[in-house]
Amino acid sequence: MTDRTTWTNWARTETASPVRVEVPSTADDLAVAVKTAVSEGLAVKAVGAGHSFTGAAVAPGVQLRLDHLDRVLDVDPATGLVTVEAGIPLHRLNPALARHGLAMEILGDIDRQTLAGAISTGTHGSGAGFRSISHQVRGLELVLADGSVVTCSDEERPRLFAAARVGLGALGVVTKVTLQTVPLFALSVHDAAMPLGEVLDRTHELAGAHDHFEFFWFPWTDTALTRRFARLPGDAPLAPLSWWGREVDDKLVTNLGLETLCRIGARFPGRVPALNRTITRAISDRSFTDLSSKVFASHRNVRFREGEYAVPRAALVPVLRELKAWIEAHDEPVAFPFEVRYGAADDMWLSPAHERDVAYIAFHQYHRLPHQRFFQACFDILGAAGGRPHWGKMHDMTATDLAGRYPRFADFVALRDQLDPTGVFANPYLDRVLGPAGR
């Protein structure tokens with residue numbers, strides 16, 4: 001246990017001053033911490049790396065840090081099943097898997113999150129035929145609101161498993177995860193600028209033609225920065241970026257250069273369109289091949305705000321055109337790009353890709369520039385297109401809004417109310433998106 005302190009997430013959009021912070025070393029220790037908090041009338045929230053932009057992990061009562069629950073427990077190279085403690089960060093899990101000739105099937109574009117945080121919010125990558133990190137889960141261990149330690153899978157407590165793989169921290173504290181990994185593989189990457197109009201005309205074709213496809217578009221430009229990945233065996237010859245190439249492209253241009261130009265834009269918002277064109281021209285085409293975990297994720301040092309919605313794929317192009325028109329009509333100084341990715345339908349109750357193939361549209365703004373009006377326009381436009389928000393990114397939806405977007409929303413809330421009728425794991429964000437516990 002540590003003294004009361006102030007916690008702030010990475011984006012500095014959320015803060016909390018918990019009554020106390022607990023750092024358990026085992027699931028049993030965590031269960032004791034939950035029981036003790038309940039006896040004192042305190043709510044409990046687990047927190048990972050703080051990479052959620054929402055208040056999902058805000059803990060006004062007892063904050064549980066999973067820093068010591070970070071071990072790899074069991075690896076079966078024959079089946080690819082790997083069991084790990086839930087507090088392990090992805091950037092440490094990936095090399096541990098590689099040492100056994102294994103890899104995560106897909107990853108998001110950063111790897112700083114804990115595994116529990118990534119699956120609880122539905123973190124995903126991009127690939128028309130691939131699903132989120134949560135879909136790779138084959139079993140979970142959780143501590144429930146009564147302090148009991150339970151396990152679930154497709155065969156054991158299947159309803160809990162269907163809900164808890166994207167559980168928002170509302171059903172219990174995830175302490176252990178069994179993952180279905182795949183044999184180690186490499187990715188051949190081609191980054192190239194293309195005319196935005198051509199990418200919009202061909203985006204579904206491009207997504208279907210490559211194992212993984214995504215693109216970035218800076219407002220006020222007519223260029224899309226595309227990324228195309230092809231999966232290769234793990235023993236394929238590698239041609240990674242040189243140290244110098246990585247330093248120039250990923251640090252000097254993408255981080256230091258972007259930070260500098262964004263600071264100029266924050267001071268002189270009228271220059272943002274020209275600065276965006278400068279940034280787009282500075283990012284060069286390149287090709288390389290490296291192990292998947294070194295390709296999927298990249299370093300993001302420039303601080304920003306972010307929201308993201310999963311829309312039906314047919315809505316992608318009309319929505320992007322509408323967002324482009326809104327920005328230009330309102331002379332909005334948007335200094336960060338839109339990011340477009342793809343995902344396949346799945347069966348997890350609160351997954352944004354539940355029962356439909358989706359396109360993910362992420363929108364960003366530099367943290368020193370105002371974001372409220374721009375984000376509200378994104379919320380309105382993407383919401384009107386049937387979009388479902390990413391649980392870890394900024395949005396304005398409530399339980400009333402969300403109930404009609406998820407066929408199993410009522411089932412999830414009913415299960416939450418059964419497992420946690422007094423709101424042990426509740427906080428203001430969960431009250432907003434799920435409704436108060438025990439209602």
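How do the residues of the lining of the second largest cavity divide into nonpolar, polar and charged? I started my notes with that question, and I keep in mind that the model is predicted.

**Entry 1: the second largest cavity**

I found four nonpolar, four polar and four charged residues in the lining of the second largest cavity. The space in this cavity comes to about 80 Å³. I wrote down its lining residues: Leu107, Gly108, Asp109, Gly125, Ser126, His212, Phe213, Glu214, Arg227, Phe229, Phe296 and Arg341. Strand S14 (212–217) and strand S15 (223–233) each supply at least two residues of the lining. S14 gives the most, with three residues.

**Entry 2: the largest cavity**

I next asked how many cavities of 30 Å³ or more there are. The count comes to seven. The largest cavity holds about 680 Å³ of space. It is lined by 43 residues, and those closest to its centre are His51, Ser52, Gly117, Ala118 and Thr121. I checked which elements give two or more residues to this lining, and they are S4, helix H3 (115–120), strand S11 (173–180), strand S17 (304–312) and strand S18 (338–343). By class I noted 18 nonpolar, 18 polar and seven charged residues in the lining of the largest cavity.

**Entry 3: a sheet and the helix on it**

S4 came up in the lining of the largest cavity, and I followed this strand into its sheet. What is the order of the strands in the open sheet of three? I read it as S3-S5-S4, with parallel pairing. Strand S3 (20–22) and strand S4 (44–47) are the edge strands, each pairing on one side only. From one strand to the next, the twist averages 30°. I then looked at the pairing of S4 with strand S5 (residues 62–65), which is parallel and runs over four bridges. Valine 44 has valine 62 in S5 as its bridge partner. Helix H1 (residues 27–39) packs on this sheet and touches S3, S4 and S5. The direction of H1 makes about 175° with that of S5.

**Entry 4: two packed helices**

I turned to helix H5 (residues 196–209) and helix H9 (residues 316–329), which pack with their axes 9 Å apart. The angle between them is about 155°. H5 is therefore roughly antiparallel to H9, as angles over 145 degrees count as roughly antiparallel. Which residues make the contact? On the H5 side I listed Leu196, Leu200, Asp201, Thr203 and His204. On the H9 side I listed Leu316, Val317, Leu320, Arg321 and Lys324. By class, the contact of H5 with H9 has five nonpolar, two polar and three charged residues.

**Entry 5: the second largest pocket**

Of its 13 lining residues, Glu14, Thr54, Gly55, Tyr429 and Arg432 are the closest to the centre. Which helix gives the most to this lining? I found helix H13 (residues 428–434), with three residues. The lining of the second largest pocket has six nonpolar, five polar and two charged residues.

Technical notes: Residues are numbered from 1 along each chain as its sequence is written. This is a predicted model: local features need pLDDT of at least 70, side-chain atom pairs count only at pLDDT 80 or more; totals for chains, interfaces and linings use all residues. Side-chain values use heavy atoms; hydrogens and water are left out. On a 1 Å grid over the protein atoms alone, a cavity is a set of points where a 1.4 Å probe fits but cannot get out, and a pocket is an open set with protein on both sides within 12 Å along at least five of seven lines; lining residues have an atom within 4 Å of a point. Ala, Val, Leu, Ile, Met, Phe, Trp, Tyr, Cys and Pro count as nonpolar, Asp, Glu, Lys and Arg as charged, and the others, Gly among them, as polar. Axes are lines fitted to C-alpha atoms, for helices over the stretch in contact, and angles run from 0 to 180 degrees between N-to-C directions. Angles under 35 degrees count as roughly parallel, over 145 as roughly antiparallel, 65 to 115 as roughly perpendicular and the rest as oblique. Contact means heavy atoms within 4.5 Å. Two strands pair if DSSP finds at least two bridges between them. Grid points are joined across faces, edges and corners, and a volume is the space filled by probe spheres set on the points.
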